[in-house]
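Open the model in your viewer and keep the selection panel at hand.

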Protein chains: 2
Amino acid sequence: MPDRVRVFAPATASNLGPGFDVLGLALERPGDLVEAEICDEPGVEIVEVSGADSLNTNPRENVVGIAAAAAIERLPVAGRGVRLWLHKQMPLGSGLGSSAASSVGGAVAVNALFGGALSADDLVACALRGEAAASGTAHADNVAPSVMGGIVLIRASDPLDLIRLPVPDALRVVLVHPHAQVLTAEARRLVAERRFTIGQAVANLGNVAALVAALHTGDLALLGRSIQDALVEPVRAPLVPAFAEVKQAALDAGALGCSISGSGPSVLAFAESDALADAVADVMEAAFESAGLESDRYVGPVNTAGARVLA
Amino acid sequence: MPDRVRVFAPATASNLGPGFDVLGLALERPGDLVEAEICDEPGVEIVEVSGADSLNTNPRENVVGIAAAAAIERLPVAGRGVRLWLHKQMPLGSGLGSSAASSVGGAVAVNALFGGALSADDLVACALRGEAAASGTAHADNVAPSVMGGIVLIRASDPLDLIRLPVPDALRVVLVHPHAQVLTAEARRLVAERRFTIGQAVANLGNVAALVAALHTGDLALLGRSIQDALVEPVRAPLVPAFAEVKQAALDAGALGCSISGSGPSVLAFAESDALADAVADVMEAAFESAGLESDRYVGPVNTAGARVLA
């Protein structure tokens, strides 16, 4: 067993259109980097947090420490503890699962240091402790794909029931992050306050079911038709500057589908080739720029590996 | 081309737990029988309706005539028409898709008489004209599986987008029909009046997505866990006498899952073998009997053929 490890935990996009709180996928980049080493004192010490001024090093207040402590509870640590270095490599409040990535990094690093006995479900449960501290509620739609990679379905949360879905080879993900921030708690409150008609629910039931079928059959045209959200996107779209223009530009440029990533403001699109994905990202960034917003893009295949210990 | 045909159109179970208005499957039996012959007078004549006292022979008021007329509109009939005989072989208001089966029988029979050019989507559209007349709204979750066979996902209704899902070989369907009647329009009104929380919607999104994944992978345990409905079953359960007892008996006897079939009062269960399916049907009928209700059972595999012209 190593005394020191470095772990990359990927950013994630959740919801994927119709699948509010039940679908998420892992990105190739960005992702957080967590360094960890075993120490003789029990418990968790956070030595340093880089890349995010607003996060502190109190292990009970930083998600990386909370998740690491949850992993220590489940492992044969023989009275020892860990020291952590968290290198944030993605923005907070971006719709990219920032708190989930840090949580996953902490849990995966501790597991790697102390024998690696934790299953993917265990790691998700540990990381959810961090996620719950960050967002007030423990939703696995970012944590699970960050741990497992790929596209993950959260059938149920209590008890947790995770299903890894197939990822079509040609599928490309476009994530554009405008330089704005959405408060996850506020975005969740807006949705929690709403009441929905059966027609809205039925629209999403049909689309989320079709999206799963499309992933299993590799039918990217069907996947595109399924990226529709009658429940949450209409409620949250006003929180994302220029969302309607960005989405329309993406679809006009050949995106298979487009919706808000998580709570936003990042916008997710799918494409069926690298060239189309780049073209879609171009017009999405241009549409944000027309609204006065700079942005970053992350374009590539789904990350099927998930969080990993770096050599 | 034959001058006269006989068509069997199967009964169907819709919703399948979490998939209100978006999922349905075809049964081996029961089903309606429609006989049809070409005649020189244009339009549709219903010569006879057997098996249901409450249905009349006015072709504009009986779904079989409405669907047949819709098919005639789409086919090269050269001024000719059809005479129909409808043999109802299943109860009305039973949750078995009775009006859908009659509608499908009418459309399929006319198509067989006049060249067979209509696609499955065309036949569904014709049958939906009958279904709309019967229930006030045109939902394809009974009509589509009656036409196509198997388990069908209705991704969207306008325009119609139908996806045939895989059927695991070992899957068995148990349908128990208690001798009671539920008015479909009343059952729909109860649901339409309700407003739902995001939590209820999320529960069904996770389960309907998992059900589709289970059908694709043949994971019958997952299929069983997915037969849960937080939206509609709680609203409609009071319409089905002894539903809670019947469902519990089914699950205790080894059913993979159990829910209301369509608007009820029929109750649907899944099992993973013929022997288990029979045992489940036994206890479900016994539970209805304890509540003073006689019942009929239909047990078997999913009908993957759909409506068919009989030799």
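A crossing of two helices is called right-handed if the near helix is turned clockwise from the far one by less than a right angle, and left-handed if anticlockwise. Keep in mind that this is a predicted model.

Select residues 120–135 of chain B, helix α3, together with residues 140–148 of chain B, helix α4. Their axes come within 9 Å and cross at roughly 135 degrees. α3(B) passes α4(B) in a right-handed crossing.

Now show the side chains where the two helices meet. On α3(B), pick B:Ala120, B:Leu123, B:Val124, B:Ala127, B:Leu128 and B:Glu131. Facing them on α4(B) are B:Ala140, B:Val143, B:Ala144, B:Val147 and B:Met148. By class, this contact has 10 nonpolar residues, no polar ones and 1 charged.

Next, go to B:Ala68. Which residues does B:Ala68 contact, leaving aside neighbours within four places in sequence? They are B:Val44, B:Val82, B:Leu84, B:Gly106, B:Ala107, B:Ala109 and B:Val110. The largest nonpolar core has 230 residues, and A:Ala68, A:Met284, B:Ala68 and B:Met284 touch the most other members.

Finally, select the contact between the chains, with 33 residues from chain A and 33 residues from chain B. On the chain B side, the elements giving two or more residues are β5 (151–157), β6 (160–165), α5 (184–193), α6 (198–217) and α7 (220–226). α6(B) gives the most, with 13 residues. Coloured by class, the chain B side divides into 20 nonpolar, 7 polar and 6 charged residues.

Key: Residues numbered from 1 in each chain as written. Chains lettered and ligands numbered in written order. Predicted model: local features only at pLDDT ≥ 70, side-chain atom pairs only at ≥ 80, totals over all residues. Contact = placed C-beta atoms within 7 Å. Helix = DSSP H or I, 4+ residues; strand = E, 2+ residues; numbered from the N terminus. Nonpolar A, V, L, I, M, F, W, Y, C, P; charged D, E, K, R; others polar. Core = buried A, V, L, I, M, F, W, Y, C linked by C-beta atoms within 7 Å. Buried ≥ 20, exposed ≤ 12 C-beta atoms within 10 Å, placed from the backbone. Axes fitted to C-alpha atoms, helices over the stretch in contact; angles between N-to-C directions.
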